[in-house]
Amino acid sequence: MQALAIMLAGPEGANQLLKPEILNKKQVEWQSGLNKAISEYQNDNSPANRKKLDVAFCKYNHKQVKDSLKIMFSGKCAYCESHITHIGFGHIEHFRPKSKFPELCFEWDNLLLGCEICNGKYKGDKFPESNEGGPFIN
Ligand SMILES: [Zn+2]
């Protein structure tokens, strides 16, 4: 039934259909918590504030978010298309890295499913902008 709804809605509609409920409920709250943690860390970069910042950044890592991405990407890595869910859990990947674009940390359209190798070894937080020699492919 979901597949039929996706076919009828088209790719952009499908993306919104699969947006997990938790993001609709919590995105604003999580973003304001992250913004607060960033500004506290900028004022005082103590280990305690670093920990708070890490916790605020990681709110996106929710089962509902990953489950929706697994459906949307058919269990495959967005970069290499390996079937990740056969051998691992898959990573929630930020297309625009959260370290450079914290305002997109919880933005559904910025989230992908990635394998450990692509996300960890190759992509990481790289996202070269035009003033940094980017884009990767032109
Ligand atoms: Zn991959």
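Predicted model: local features only at pLDDT ≥ 70, side-chain atom pairs only at ≥ 80, totals over all residues.
Student: In what order do the elements of the chain run from the N terminus on?

Tutor: The chain holds five helices and two strands. Taken from the N terminus on, these elements follow the order α-α-α-α-β-β-α.

Student: How many bridges join strand β1 to β2, and what is the bridge partner of histidine 91?

Tutor: Strand β1, which covers residues 91-94, runs antiparallel to β2, and the two are joined by four bridges. Within this pairing, histidine 91 has its bridge partner in β2, namely glycine 114.

Student: Are the residues on the two faces of strand β2 buried or exposed?

Tutor: Over the chain of 138 residues, 20% count as buried. In strand β2, residues 111-114, one side carries Leu111 and Leu113 while the other carries Leu112 and Gly114, and on both faces these residues are all buried.

Student: Is serine 74 buried or exposed, and what is the value of its phi?

Tutor: Serine 74 lies in the loop between α4 (63-72) and β1. Because a residue with 12 or fewer other C-beta atoms within 10 Å is exposed, serine 74, with 10 such neighbours inside 10 Å, counts as exposed. Most residues other than glycine have a negative phi. Serine 74, which is not a glycine, has a positive phi, near 50°.

Student: Where is glutamate 81, and what is its phi?

Tutor: Glutamate 81 is placed in the loop between α4 and β1. With 12 other C-beta atoms within 10 Å, glutamate 81 is exposed. Although glutamate 81 is not a glycine, its phi is positive, at about 65°.

How values were computed: Residues numbered from 1 in each chain as written. Pairing = 2+ DSSP bridges.
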